[in-house]
4 protein chains.
Amino acid sequence: MALLQLTIIPLGEGVSVGDYVAGIQEKLADENAVFHLTDMGTIIEGEVQDLLHLIGKIYETPFKQGALRVVTNIVIDDRRDQQIHIGDKTKSVKRRTKMVQK
Amino acid sequence: MALLQLTIIPLGEGVSVGDYVAGIQEKLADENAVFHLTDMGTIIEGEVQDLLHLIGKIYETPFKQGALRVVTNIVIDDRRDQQIHIGDKTKSVKRRTKMVQK
Amino acid sequence: MALLQLTIIPLGEGVSVGDYVAGIQEKLADENAVFHLTDMGTIIEGEVQDLLHLIGKIYETPFKQGALRVVTNIVIDDRRDQQIHIGDKTKSVKRRTKMVQK
Amino acid sequence: MALLQLTIIPLGEGVSVGDYVAGIQEKLADENAVFHLTDMGTIIEGEVQDLLHLIGKIYETPFKQGALRVVTNIVIDDRRDQQIHIGDKTKSVKRRTKMVQK
């Protein structure tokens, strides 16, 4: 089990691209993905081969919404000594610190 | 006002690097930064010149903790037609969608 | 036709990870991929669905070489108004500038 | 000595953004930076504090050219057991492989 962070950046579609990000969220929900939206991307959990297959399935979404150019950033964090689920890494770091954050 | 996502990846320090991420969180708290930890990075808000100055101040932290090599990923999202604060972009996207997410 | 930049970062395998990057290069050559190594990643050209399939095929390489955790960064630049090949974007930028670079 | 890869993505400025990338190249040349343009970004070498200062100096360039929103991606690879210069990492990987690449 790994985490994948997906960020899409449509170019030439105006300064606000929230409709494109929403399009991806809806597709992920349709695919029953386990995901979490942050201000800088969408974190999805799963086996990497399944995640790559999922990316392939949702990839055309911003182009179907009209974008002519999209930069897609994907970061995969995959460790084999333990399972990683959404929320685990933040919990583990917070156990180590005492600070308040927004 | 912009958002900056910071991710540090220490190499050669073992498979678990949570202590290094916690080190960064403590430094950010010491600097009174406005930040939010996600599973894939730390999102910090501020003016870009201040954020770059802040990165400079906390940059040595993982090396002081013993790392010999660190890959640092920084993504800055800066728009001039409106202020961006932590939480704004997720709220804006969620208004556009109706799906449930984890 | 799009460009995909792939960067792999094995954690806990020592400070030098060139053997892992070389492992990926050999796999890409075996798969007859069109690719170009830079200091910060490997740029591969192709149709996006083919590129995602290729990533799936080579993905296990660093784990087979012994890594227990790998962070994989993928950036896809895909435009539909024209084909993008390796070398096109640098040529286009250099036409616009006159500067000397290393 | 570290390497920094800089990629700028102006949103809402049309599908072609080569003029913005050229603007950054010219600024880097004016600053006497040691840099190398690839299809997916610009690789700059230097001490990290100098590199962050340099990013601060060139950061406004795309906004001055008219962009209202820019996503900036920065990757820093910094190792303390040896100096890294532009070209070193590709040479080191190529020594380990025998394959032909474009």
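Guide: Two strands pair if DSSP finds at least two bridges between them. That cut-off is applied here to a predicted model.

Visitor: What makes β1(B) and β3(B) a pair?

Guide: The cut-off is at least two bridges. 5 bridges join β1(B) to β3(B), so the two strands count as paired. They run antiparallel. Within this pair, B:L6 stands opposite B:T42 of β3(B).

Visitor: Which strands make up the open sheet, and in what order?

Guide: The open sheet has 8 strands, in the order β2(B)-β3(B)-β1(B)-β4(B)-β4(D)-β1(D)-β3(D)-β2(D), and the pairing is antiparallel.

Visitor: Why are β2 of chain B and β2 (34-38) of chain D called edge strands?

Guide: Each of these two strands pairs on one side only. From one strand to the next, the twist averages 20°.

Visitor: How do you know which relation holds between chain C and chain B?

Guide: Chain C is superposed on chain B by a rotation of 180° with 0.0 Å of shift along the axis, and the RMSD is 0.0 Å. That is the relation of a two-fold axis. In chain C, the C-alpha nearest this axis belongs to C:G12, at 2.2 Å.

Visitor: Why is it said that chains B and C meet through the same surface?

Guide: Of the interface residues of chain C, 100% are also interface residues in chain B, so the copies meet through the same surface. This contact takes 10 residues from chain C and 10 residues from chain B. On the side of chain C that touches chain B, the elements giving two or more residues are β1 (2-11) and β4 (69-79) of chain C. By class, that side of chain C has 6 nonpolar, 2 polar and 2 charged residues.

Visitor: How many residues of chain B are in contact with chain A?

Guide: There are 34 residues of chain B in contact with 33 residues of chain A. The elements of chain B that each supply at least two residues to this side include β1 (2-11), α1 (18-30) and α4 (88-96). The largest share, 7 residues, comes from α1(B). By class, the side of chain B that touches chain A has 14 nonpolar, 11 polar and 9 charged residues.

Visitor: Why are α2(A) and α2(C) called roughly antiparallel?

Guide: Angles over 145 degrees count as roughly antiparallel. The axes of α2 (residues 48-58) of chain A and α2 (residues 48-58) of chain C cross at roughly 180°. The two helices are therefore roughly antiparallel to each other. Their axes also come within 10 Å.

Visitor: Which residues make the contact of α2(A) with α2(C)?

Guide: A:Q49, A:L52, A:I55 and A:G56 of α2(A) make the contact with C:Q49, C:L52, C:I55 and C:G56 of α2(C). By class, this contact has 4 nonpolar, 4 polar and no charged residues.

Definitions and conventions
Residues are numbered from 1 along each chain as its sequence is written. Chains are lettered from A and ligands numbered from 1 in the order in which they are written. This is a predicted model: local features need pLDDT of at least 70, side-chain atom pairs count only at pLDDT 80 or more; totals for chains, interfaces and linings use all residues. Copies are superposed by least squares on the C-alpha atoms of residues with pLDDT of at least 70 in both. Two residues are in contact if their C-beta atoms, placed from the backbone, lie within 7 Å. Helices (H or I, at least four residues) and strands (E, at least two) are DSSP runs, numbered from the N terminus. Ala, Val, Leu, Ile, Met, Phe, Trp, Tyr, Cys and Pro count as nonpolar, Asp, Glu, Lys and Arg as charged, and the others, Gly among them, as polar. Axes are lines fitted to C-alpha atoms, for helices over the stretch in contact, and angles run from 0 to 180 degrees between N-to-C directions. Angles under 35 degrees count as roughly parallel, over 145 as roughly antiparallel, 65 to 115 as roughly perpendicular and the rest as oblique.
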